[in-house]
Amino acid sequence: MAKEYLTLREISGPLVLIEDISGVKYDELIELTTASGDKRRGKVLEVSSDKALVQLFESSSGIDIAKSRVKFLGKGIELGVSLDILGKVFNGLGEPLDGSAQIIPEKYLDINGSPINPIARDYPNEFIQTGISAIDGLNTLVRGQKLPILSGSGLPHSQLAAQIVRQAQILGKKEKSARPDVPSEQAGGFAIVFGAIGITFEEVDFFIKNFQEGAAMERTVLFINQADDPVIERIAVPRTALTAAEFLAFEHDMHVLVILTDMTNYCEALRQVSAARKEVPGRRGYPGYMYTDLASIYERAGRIKGKKGSITQVPILTMPEDDKTHPIPDLTGYITEGQIILSRDLHRKGIYPPIDVMPSLSRLKDRGIGKGKTREDHSDLFNQLFSAYAKGKQAQELSVIMGQESLSELDKIYFDFAVTFEKEYVQQDKLQARTIEETLQLGWKLLAKLPKEELKRIRPEFIEKYLSR
């Protein structure tokens, strides 16, 4: 039974202190009614003895402590779920934003979810085609993986995220659509859950229009929190998005790709709440529990033995001052299985997407490529491309110091290879979706520019079979 109290004692910003309470739980929802009858929502941040610290979702202005009352609702934030969430736009708490009616839920799920038992986890081993060569060819995304994109302020991570949503598919997976009104060739058992955290109105408009124009909306669920929305709602967005993903994946056998942008805004919200609670700060003012908090989000991706569905996660974060050692990208790197890094230098050259393949890494790529998944030559090919590009970058650095005239003939070949690699392999149009066959053939086309004796990382039978093409 919901309890109601008139014992408000203090208000500090969005925080409200209530005394003389009993039976209250951490993360429990509250409803505060002001003297004028206005209702505001919040959740319990801390419980100590007979006191509870509550953070409001809305503003605390105009609240009269003596005349307001608080009702503890006896439950946490829950998301109503059904297959009707596909094609809909929600706020961070799961309320419709696109003007549509409330869905009729099959059930209500706690957004905090449950971690996947490590023993029950199945190893990621299936290729996801994004249509982007720098990812598919060199830093392959695998079903069940968590692969973050590390960007910087002003770099086109939003465009890249939208392109991945439009183009992503699992090859060979032709399951019947989970929704009878969505054609199988459009949905294909594959769904996108997109969580936008603290973004601007312009970005919201860009994403919605982009998904609608690209016909990806019918397989996508959007959870949007704008920059002027409550901080506490911002913290709920990734958990709400992952709860929807878990429902689609593990109860309706769908392959779900979860994209969360921008996780930096999420961590800033954590820091803001921590400062309001007057907690002892950790590195650069972020709370000491940020690693654990991020892990509780990232570790909800994966596959479960005996379940057909899966959750693949691509969190996107902007590195403050392009600093990879900043606590947010640093902690993210410890938890996830690699990273895709966007380069400001490539962006200045006009190359899109500006993916810097040298420091980028997908630790599970070997499990998602090869015969029966992509093609038998994929592993040898990406090793040779990576090696040749690295030698080309070294030649470019040497030419800056000593001049291009000092380069050997082989160095000049690698110098030109690096330039061509960036312009032809990394660069592609924002609406271009390359198949994995096209990406592999493009790689062989570039290797044809090198002397045959330099192809030391590819087996002779593959050179004989594919180089002549």
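A: In β6, Leu 53 is the bridge partner of Leu 17. Strands here are DSSP E runs of at least two residues, helices are H or I runs of at least four, and both are numbered from the N terminus. Two strands pair if DSSP finds at least two bridges between them. Strand β3 (residues 15-18) and β6 meet that over four bridges, in the antiparallel sense.

This is a predicted model, where local features need pLDDT of at least 70, side-chain atom pairs count only at pLDDT 80 or more, and totals for chains, interfaces and linings use all residues. Residues are numbered from 1 along each chain as its sequence is written, and side-chain values use heavy atoms, with hydrogens and water left out.

Leu 53 has another partner: Glu 46 also bridges to it. β5 and β6 make a hairpin with two residues between them. In that turn, Ser 49 has a positive phi of about 55°.

How enclosed is β6? Strand β6 (residues 51-56) is largely enclosed by the rest of the structure, because five of its six residues are buried. Buried means under 20% relative accessible area, exposed over 50%, and partly exposed in between, with a 1.4 Å probe and protein chains only.

Ala 66 counts as exposed because its relative accessibility is 66%. Its C-alpha lies 9.6 Å from that of Thr 34, 32 residues away along the chain.

Rings of Phe, Tyr and Trp (its six-membered ring) pair if their centres lie within 6.5 Å; planes under 30 degrees apart are stacked, over 60 edge-to-face, the rest tilted. Eleven such pairs turn up in a search of the whole structure. One of them is Tyr 5 with Phe 72, edge-to-face, at 5.5 Å centre to centre and 80° between the planes. This pair links distant parts of the chain. Tyr 5 is in strand β1 (residues 3-5), Phe 72 in strand β7 (residues 69-72), 67 residues apart. Tyr 5 counts as buried at 12% relative accessibility. Phe 72 is buried too, with a relative accessible area of 2%.

Phe 421 and Tyr 425 give a stacked pair: 5.0 Å centre to centre, 15° between the planes. The two residues are four apart in helix α11 (residues 409-426), so about one helical turn separates them. Both Phe 421 and Tyr 425 are buried. Elsewhere, Phe 194, Phe 206, Phe 207 and Phe 211 form one aromatic cluster.

Charges also sit over rings, defined as NZ of Lys or CZ of Arg within 6 Å of the ring centre and within 35 degrees of the ring normal. Arg 271 lies over the face of Tyr 286, 4.2 Å from the ring centre. The charged end of Lys 430 is over the ring of Tyr 352, 5.4 Å from its centre.

Now the core. In soluble globular proteins, nonpolar side chains tend to be buried together. A nonpolar core is a set of buried Ala, Val, Leu, Ile, Met, Phe, Trp, Tyr and Cys residues joined through side-chain atoms within 4.5 Å. The largest one has 66 residues, and those with the most contacts inside it include Ile 164, Phe 194 and Phe 421. Contact means heavy atoms within 4.5 Å. Beyond neighbours within four places in sequence, Ile 164 is in contact with Ile 132, Ile 135, Ile 149, Leu 257 and Ile 259. Apart from this core lies another, of 61 residues, among them Ile 85, Phe 90, Phe 223 and Ile 297.

Ile 297 is also one of the buried residues of helix α7 (residues 290-298), as are Met 290 and Tyr 298. The cover over α7's buried residues includes α5 (231-252), α6 (263-276) and β20 (310-318). Lys 324 is in the loop between β20 and α8. Lys 324 counts as partly exposed because its relative accessibility is 46%.

How far can the model be trusted? The average pLDDT, the predictor's confidence in each residue from 0 to 100, is 89, and 96% of the residues score at least 70. Over residues 174-188 the pLDDT is below 50. That stretch still has 23 contacts in the model beyond near neighbours in sequence.
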